[in-house]
Amino acid sequence: MQIACVVVFFGAWQIGSSTGALDPLILPPLTAIAVQLGAVLRAGTVWAAVGVTLAELAIAFAFAAGAGLLAGFVISRSPLAVRAFDPLIAGLYAVPTILLFPLYLLFFGIGPPSKIALGATMAVFPIVLSTIAGFTHVNAVRLAAARSMGASPGQLFWRVLVPEAFPMIIAGLRMGLVLGFLAILGGETLTSNAGLGHEIVTMAESLEPAKMFAYIPVAI
């Protein structure tokens with residue numbers, strides 16, 4: 001059924017755009033998109049844009065992961081800090097971060113730094129929240145057992161705390177990576193001079209929908 005739904009969807013797209021039932025400026029034929037995708041890949045121009053976006057994502061995620069893991073662990077060590085900061089961070093997480101993008105443009109310009117700042121801001125919240133949740137829900141019995149057997153603080157951290165919190169931390173990192181990528185891609189489509197988002201919006205403004213759609217699978 002899943003395969004049938006995909007086949008029907010893309011088949012209707014191809015037939016509709018080829019017969020004129022769908023405006024080819026909005027949804028060009030899939031065959032035209034495939035031709036443009038092959039041309040773009042052969043020309044190699046797409047890889048420069050991919051490199052810019054991935055470099056921005058790597059830097060933004062490194063900042064977000066470092067700051068988020070450190071802040072989450074420090075907050076999780078105090079029940080008072082958890083009660084004070086966890087709802088505050090969750091509330092800030094609900095605020096659309098894209099609203100800050102004009103400020104990032106003002107401070108960092110239209111180049112990669114503004115996209116890195118936006119991506120790091122978007123990615124850090126789930127990382128902090130997941131880290132707090134992971135370290136505050138450690139199995140108390142295992143923690144007490146390790147302490148009773150004379151485990152040092154380092155052993156408690158690496159042998160008990162980290163393994164117990166690891167699944168939640170990984171979930172937060174995965175979510176932060178996805179949100180950071182979406183933020184960077186969105187920022188590039190709004191205002192930028194390079195990157196996948198910049199190429200996609202440039203093709204759209206040039207009324208080259210087939211080429212625009214050809215860039216989208218690369219971004220995915």
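Welcome! Select helices H6 and H8: they cross in a right-handed way (a crossing is right-handed if the near helix is turned clockwise from the far one by less than a right angle, and left-handed if anticlockwise). This is a predicted model, where local features need pLDDT of at least 70, side-chain atom pairs count only at pLDDT 80 or more, and totals for chains, interfaces and linings use all residues. Residues are numbered from 1 along each chain as its sequence is written, and side-chain values use heavy atoms, leaving out hydrogens and water.

**Stop 1: H6 and H8**

Colour residues 112-136 for H6 and residues 153-190 for H8; these helices pack at an angle of about 155°, and their axes are 7 Å apart. Helices here are DSSP runs of H or I with at least four residues, numbered from the N terminus. Axes are lines fitted to C-alpha atoms over the stretch in contact, and angles run from 0 to 180 degrees between N-to-C directions. H6 and H8 are therefore roughly antiparallel to each other (over 145 degrees; under 35 is roughly parallel, 65 to 115 roughly perpendicular, and the rest oblique). In their contact you will find 18 nonpolar, eight polar and two charged residues. Ala, Val, Leu, Ile, Met, Phe, Trp, Tyr, Cys and Pro count as nonpolar, Asp, Glu, Lys and Arg as charged, and the others, Gly among them, as polar.

**Stop 2**

**Stop 3: H2 and H10**

Next, select H2 (residues 30-43) and H10 (residues 209-219), which pack at about 65° with axes 8 Å apart. H2 and H10 are therefore roughly perpendicular to each other. Their crossing is right-handed.

**Stop 4: Thr45**

Now click on Thr45, in helix H3 (residues 45-76). Draw a C-alpha to C-alpha line from Thr45 to Leu118: they are 25 Å apart in space and 73 residues apart in sequence.

Notes:
Helix = DSSP H or I, 4+ residues; strand = E, 2+ residues; numbered from the N terminus.
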